[in-house]
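Here is a briefing on one protein model with its ligand. It covers the ligand site, the disulfide and some backbone geometry.

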Amino acid sequence: MRLLKSLILVLILSSNAYSQTNQITINLDSGNVVIDKNIYGHFAEHLGNCIYGGFWVGEDSKIPNTRGIRNDVIEAMKEINPPVIRWPGGCFADYYHWKDGIGPQEQRPTMINSSWGGVTEDNSFGTHEFLDLCELIGAEPYICINVGSGTVQEAADWVEYVNSANESPMTKLRKQNGREKPWNVKYWAVGNESWGCGGNMSPEYYADLFNRFSTFLRAGDLYKIASGGLPDDINWTSTVLDKTKRHSQLIDGYSYHYYTFAYGWNNKGSATAFSEKDWFATMYQTLQMRKSLADNISVMDKLDPENKIGLIADEWGNWFEVEPGTNPGFLYQQNTIRDAVTAAVYLNIFNNNARRVKMANIAQTINVLQAMLLTKDEKIVKTPTFYVFKMYKVHQDAALLPIKVECSNYEFNGQKLPSITASASKDANGKIHISLANIDPKKDSKIEISLSGKNDLKFSKGEIITSANMNDFNDFDKEEKVNISEFNDFDFKRNKLSVNMPSKSVVTIELN
Ligand code: AHR
């Protein structure tokens with residue numbers, strides 16, 4: 001009897017530590033889809049302090065800068081290998097007139113930034129400054145054209161100004177403004193959220209407009225991206241793709257936006273003062289993207305069976321209430337370990353859909369929404385999300401390895417979600433990287449990973465992002481709470497990897 005009691009106790013204790021063993025299978029032999037490095041892209045809009053105070057302080061600032069761009073930001077961004085940056089919006093793009101942002105800065109006209117706080121935009125950061133920034137941090141530029149309130153001629157002129165090597169009034173102007181050689185920008189979006197802030201259009205009207213604009217964007221080897229609808233608006237997707245793909249030379253990519261609001265647009269929840277209920281709701285909303293993405297991809301597969309049109313997830317991330325006391329139009333929010341975990345969930349989903357997803361741009365790079373960096377005067381903070389991008393950069397341009405995850409649930413108040421998401425890839429040197437996210441804020445997880453296929457892997461190392469409390473964040477003038485540290489709580493024997501994952505953590509293991 002006593003023996004039986006002790007046995008039951010051991011069973012209870014072990015089931016508390018690791019709720020259930022999770023099984024993951026990875027096939028090492030079948031990686032024939034590349035995870036486009038552009039999935040690790042960024043988005044920088046003229047919104048709040050993303051551009052002004054974030055990237056740009058101007059040459060005369062006492063904050064150290066290179067031609068007006070903050071040096072600390074350049075250095076930090078280089079750490080995460082940013083492949084591409086989308087600019088100037090967002091909603092801002094559809095009322096931005098690019099000619100106001102070239103020439104001597106003191107002579108540039110001002111405008112009102114009507115979506116974002118109604119503040120005066122002085123246009124000191126324009127085309128040349130953005131393209132200089134991209135060159136400084138080693139990212140490809142991605143420009144969104146004004147379709148909502150601009151003209152076809154204005155758009156065609158912009159592409160010619162930026163990309164043409166021939167003699168023309170536009171290229172003469174570019175040279176007068178100090179740039180001899182064209183920049184050869186490849187990625188161009190034709191409008192942003194044209195169903196909403198970009199002009200409240202119908203899909204039929206937008207598709208015709210897309211075809212018209214796209215016809216006249218001619219200078220250079222362009223990748224032209226059409227505006228998507230709301231994430232669940234499959235009618236928008238099928239109408240726009242059907243009407244644009246008839247002219248295959250006009251469309252290369254189709255944009256898709258997905259944001260996580262804890263409880264929806266009218267109840268976004270706080271970025272830092274949240275309970276487990278809010279944590280669960282945030283994970284739930286994030287995981288819901290799987291369905292909406294799959295629905296959009298299945299329409300694309302039907303209308304573009306040769307997989308020529310890329311799905312461009314050019315806005316994604318967590319959208320919470322602004323920090324108390326900040327301008328509501330500036331969308332400034334802090335960033336906790338919860339953001340790190342959801343970033344990993346998003347990136348695992350994009351990696352696993354790399355056959356169709358050719359770019360993704362987290363919203364937004366600095367001081368806006370789910371930012372990489374926060375700045376306050378001369379100070380800078382690297383957020384938990386920054387560290388996920390740093391950890392996950394190993395997947396850029398690596399071959400996606402098919403993965404099967406069978407896991408226990410994260411349960412809260414009778415509701416359930418899969419507790420683990422994962423993705424894996426093989427890089428050009430044959431190194432395998434397996435990334436795992438444990439979304440449960442309380443329970444650790446034991447994960448058994450079987451590697452099938454040819455395998456002479458020997459060496460292994462791991463990295464982890466986690467924190468003691470689910471609301472932990474990095475703040476100005478304080479020691480960092482959330483960062484990357486070495487991770488050793490796993491065992492690797494030939495084709496079996498056994499990982500003990502702490503609650504609310506993101507782990508990447510390298511096998512070589
Ligand atoms: O990222 C903030 C805004 O969200 C963008 O300007 C817009 O495209 C989207 O609705």
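A polar contact is a pair of N or O atoms within 3.5 Å. The model is predicted. The ligand takes up the space of the largest pocket. A search of the whole structure finds 1 disulfide.

**Ligand site**

- The residues around the ligand are Phe-43, Glu-45, Gly-90, Cys-91, Trp-116, Asn-192, Glu-193, Tyr-259, Glu-315, Trp-319, Gln-364 and Leu-369.
- This shell divides into 6 nonpolar, 3 polar and 3 charged residues.
- In Glu-45, a side-chain N or O atom is 2.7 Å from an oxygen atom of the ligand.
- In Glu-315, a side-chain N or O atom is likewise 2.7 Å from a ligand oxygen.
- The ligand on its own has 280 Å² of accessible area, and the protein covers 94% of it.

**Disulfide**

- Cys-91 is joined to Cys-197, with an S to S distance of 2.2 Å.
- The torsion about this S-S bond of Cys-91 and Cys-197 is about -90 degrees, so the disulfide is left-handed.
- The pair links distant parts of the chain, 106 residues apart.
- Cys-91 is in the loop between β6 (84-87) and β7 (111-113).
- Cys-197 is in the loop between β10 (187-190) and α6 (203-215).
- Cys-91 is also one of the residues around the ligand.

**Cis peptide bonds**

- The peptide bond from Trp-87 to Pro-88 is cis, and its omega is near 0 degrees.
- Gln-364 is in the loop between β14 (357-363) and β15 (373-376).
- Gln-364 is among the residues around the ligand.

**Positive phi**

- Which residue has a positive phi although it is not a glycine? Asp-377 does, at about 50 degrees.
- Asp-377 lies in the loop between β15 and β16 (379-382).

Notes:
Residues numbered from 1 in each chain as written. Predicted model: local features only at pLDDT ≥ 70, side-chain atom pairs only at ≥ 80, totals over all residues. Heavy atoms only, no water. Near = heavy atom within 4 Å. Polar contact = N/O pair within 3.5 Å; in protein donor to acceptor, adjacent residues only side chain to side chain. Areas by Shrake-Rupley, 256 points an atom, 1.4 Å probe, with all protein chains shown as cover. 1 Å grid on protein atoms, 1.4 Å probe; cavity = no way out; pocket = protein on both sides within 12 Å on 5 of 7 lines; lining within 4 Å. Sits in = over half its atoms within 2 Å of the grid points. Nonpolar A, V, L, I, M, F, W, Y, C, P; charged D, E, K, R; others polar. Disulfide = S-S within 2.5 Å. Helix = DSSP H or I, 4+ residues; strand = E, 2+ residues; numbered from the N terminus.
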